[in-house]
Amino acid sequence: MTEQNMATACRRLLMACLLQCLLVAGGAMAQEPSRVLVLMSYHHGYTWEDHILDGLEAWGGVVAGRPTLHVEWMDTKRHPQPETRQRFARYLAEKHAGRRFDLLVTVDDNALEFAIRQPMFAGVPIVFAGINGDPRQIVGSRANVTGVAERFDLSRTIKLAQQLHPEVRRLVFLTAADESGTGSRAHIADALGGLGEGVVAEHWVARTLGEVEGRLPLLGTDSLLFALGALPRVAGGHPLGPEEIVAFARSRTSRPVYSDLDTTVGNGALGGYMNSGLENGRLLARMAQRVLAGESAAAIPVVYETPQALIFDYRELQRFGLSEHDLPSGGLLLHRPPSVFDPEYRIFLFGFAAIVAALLLVLAAVVIRARILAARHAALHYQATHDDLTGLPNRAWLNEQLLTGKWSGGRSLVLAMVDINRFQLINDTYGHSFGDEVVASVAQRLASFQDGQSQLVRFGGDAFVILRRGADIEDLQAFCDQCEGMLVEPFDVAGHRLSVSAAFGVTMAAPREIDRDRLLREADTAMHEAKRRRGNQVVLFDGIIHERALRQFRLEAGLPNAVANGEIQVYFQPIVAASNGGIAGFEALARWQHPELGWVPPPEFIRAAIETGCIRELTLSMLRAACRAFKPYLGAASHPYLGVNVSVTDINAEDFPERLAVILAEEGVPAERLILEVTEDMLLGQDGNVTQVLGRLRALGLRIAIDDFGTGYSSMSYLSSFMVNIIKIDQSFIRNLQNSPSDQKIVRAIVSMAADLELSVVTEGVETSEQLELLRQMGCRLLQGYLFGRPQPAHSWMNDEGLQQALDTSLPIR
């Protein structure tokens, strides 16, 4: 071959190589990375989803072929309304218009359900994670879907907890009243199959942490708490993640706290077989890689058993007297102190030993500084155990003394819990600086009664504790008498003369029975009993108070479920026309038969409803049940009305008129046949909002009645401002009507005033024929009481022949 031919061949070979390189480069440039849309059900900061996203975004450490992830948060934990999801769908359609996605990744139930229903994702393969229950119920017939179901086996942790705490007979499960909580309770139900004999499970289903905050300190030594899911601190607040929920519960109970996520260990959870969000995310990434590589999602089996980790918190084990020998093998122990037997710590400990040896060489200098360090330590200890505002010992000091028993000196101990009444009103009226001065003044007054046997402690906020040692029964009575008179004299604070009262809860313990938690719990229970009595009250803890607290706890624990399950029964009591005995209407009354406590008085369970925050649900449930029971009476010739009591919480709710209108429409009861009964004191200080809500209710056609009239803040302005139709005279004025001229004058005055204002009057508490005759003479036209019938189940009146005749005629209500 000539040199010219060789040169030509080389040029051709070079051109071919260059062309091949350009083709390869051009193909690489033309091949865009895959696009993956990631839908997260909740929000940033919800640790479970954050960790799943971390595992997904790691993509197994693979760089080549890594797709472009477009992450969107639905925020359904804080905004579960259907219209929010509709806005989210419009937002996705506008943001990603014209964009093609190769894969759709969803996390938790809401995101998967949303993706399945949206036409914009038709044909896009889906890989899901974190699904409660069976994902097939959500997926349905949708093709090309696979993923990781959150079938977490809680039974192993429950069995382990029973082994570690053999004294436990009660398992309490704290879950949220949302779709996540429903899934958690389903897992719990599956896990409770092997529950031992004598062990009961109890569910605390809450919308906010505030609903259970007061119940946590009451958990006894036979109880364990399982805190699962996420809840806000208050209604409408930002939901706290599982770690924050566990920390919240841990700080308010002396019992062990368990959970189901590995990230809660170290934040208050003791440990067990835990669910790992990070591992779920990594598994999700591996399945997504297979789909993007060309494998059909339908061909990849759904993973039902989620990855678990056996993990414990050493500090919590020590707190409950447990050791590593009590635990299953192979677990991870957090916060364990360094040990020379651990290879990971051996080098550090040897280094520490070398440092200690070096420090021995400068021992002389340490001795010289010893007094300075001791003085500094004493100052720091004093600062940590004393209150800045009052200079009194604080809660840390109290805990230290009660745990060590040093202060009592082996003698009996009296502990009084003191809490200033209506202190929040002082802060709201004069400001927090003024409130601090009030606290300091009260502390000075209480401290002036100290002697060598007593010590005052600032427990926190407006609460104090008084310790007294060596007391006997006589000295205890004298101490209680002394407490009653401590705050009788007014205070001069910043130029204001102020009367301050406080509630005193007192308990006593023998020398060998001093237990910090028990003393504080009993004193706090007695103090709350004193608060209910108002004023400067001193209450000594006893068995009756304890039983009352337990009863209140059981009522508050069972009431939400009773309302949700329709266990609150509706009773009717007739309202009778004085002229001819005709039935003018019925008052609907709530009755509850507790499965263990029997019939519960209405004031007691209504108070429990207010304390637990379920009073609105109780009212709406009663309204619906009462309207449903009233339907057979709609066609009666007497045209009776239905009266239902509502609370101040209902009146202050903006959506109450709308929800009531829905109930009336669904149950088929005309609005003009319903009368809402409110009390006078309910309206005090609520003019603006109450007027608006009552006006909207009146616009629906409803009428308003003032219940228990004469016992609150009666005034002509209320009757005009709130557009009242009916006045119900309280039964306290009727009880001694025959022998009380003053009560007769009051009744006549109310009847006369109502006539001038064109209002109807219903007189309550009529029990004798003598009262009936006297009320007729006074002009009372509508009567209610045991003389005409006691409250009975609503349906039972249909079988009363006398009632059927009375329904034929009645006086109209103006």
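Which residues is Lys728 in contact with, leaving aside its neighbours within four places in sequence? The answer is Glu587, Glu677, Ile706, Asp707, Asp708, Phe709, Val762, Glu764 and Gln784, where contact means heavy atoms within 4.5 Å. The legends below describe a predicted model, in which local features need pLDDT of at least 70 and side-chain atom pairs count only at pLDDT 80 or more, while totals for chains, interfaces and linings use all residues. Residues are numbered from 1 along each chain as its sequence is written, and side-chain values use heavy atoms, with hydrogens and water left out.

View 1. Lys728 lies in strand S28 (residues 726-729); helices (H or I, at least four residues) and strands (E, at least two) are DSSP runs, numbered from the N terminus. Lys728 is buried, with a relative accessible area of 1%, given that buried means under 20% relative accessible area, exposed over 50% and partly exposed in between (1.4 Å probe, protein chains only). One of the residues in contact with Lys728 is Ile706, which is 22 residues away in sequence and 6.0 Å away in space, C-alpha to C-alpha.

**View 2. Ala705 in strand S27.** Ala705 belongs to strand S27 (residues 703-709) and is buried, its relative accessible area being 1%. Not counting residues up to four places away in sequence, Ala705 touches Ile675, Leu676, Glu677, Val678 and Ile726. By contrast, Lys531, which is 174 residues from Ala705 along the chain, has its C-alpha atom 31 Å from that of Ala705.

**View 3. The largest nonpolar core.** A nonpolar core is a set of buried Ala, Val, Leu, Ile, Met, Phe, Trp, Tyr and Cys residues joined through side-chain atoms within 4.5 Å. The largest one has 76 residues, of which Phe572, Leu676 and Val747 touch the most other members. Helix H20 (residues 615-630) gives the most to this core, contributing 8 residues. Another core, of 31 residues, lies apart from it and has Phe423, Phe464, Val493 and Val538 among its members. In soluble globular proteins, nonpolar side chains tend to be buried together.

**View 4. Aromatic pairs.** The structure holds 11 aromatic pairs; rings of Phe, Tyr and Trp (its six-membered ring) pair if their centres lie within 6.5 Å, and planes under 30 degrees apart count as stacked, over 60 as edge-to-face and the rest as tilted. The rings of Phe173 and Phe226 form a stacked pair, because their centres are 5.0 Å apart and their planes are at 25°. This pair links distant parts of the chain, with Phe173 in strand S6 and Phe226 in strand S8, 53 residues apart. Phe173 is buried, at a relative accessible area of 0%, and Phe226 is buried at 0% as well. The rings of Tyr571 and Trp599 have their centres 6.2 Å apart and their planes at 80°, so this pair is edge-to-face. Here too distant parts of the chain are linked, since Tyr571 sits in strand S22 (residues 569-577) and Trp599 in strand S24 (residues 598-600), 28 residues apart. Tyr571 counts as buried at 13% relative accessibility, whereas Trp599, at 43%, counts as partly exposed. Elsewhere, ring pairs link Phe572, Phe586, Phe630 and Tyr633 into a cluster.

**View 5. The crossing of helices H12 and H13.** The axes of helix H12 (residues 363-385) and helix H13 (residues 395-404) come within 6 Å and cross at roughly 100°; axes are lines fitted to C-alpha atoms, for helices over the stretch in contact, and angles run from 0 to 180 degrees between N-to-C directions. That angle makes H12 roughly perpendicular to H13, as angles under 35 degrees count as roughly parallel, over 145 as roughly antiparallel, 65 to 115 as roughly perpendicular and the rest as oblique. His381, Ala384 and Thr385 of H12 make the contact with Ala396, Trp397 and Glu400 of H13.

**View 6. Two residues with positive phi.** Asn144 has a positive phi of about 60° although it is not a glycine, and Asn144 is found in the loop between helix H5 (136-139) and strand S5 (145-149). His639, which is not a glycine either, has a positive phi of about 55° and is placed in the loop between H20 and strand S25 (641-645). Asn144 counts as partly exposed at 24% relative accessibility, whereas His639 counts as exposed at 51%.
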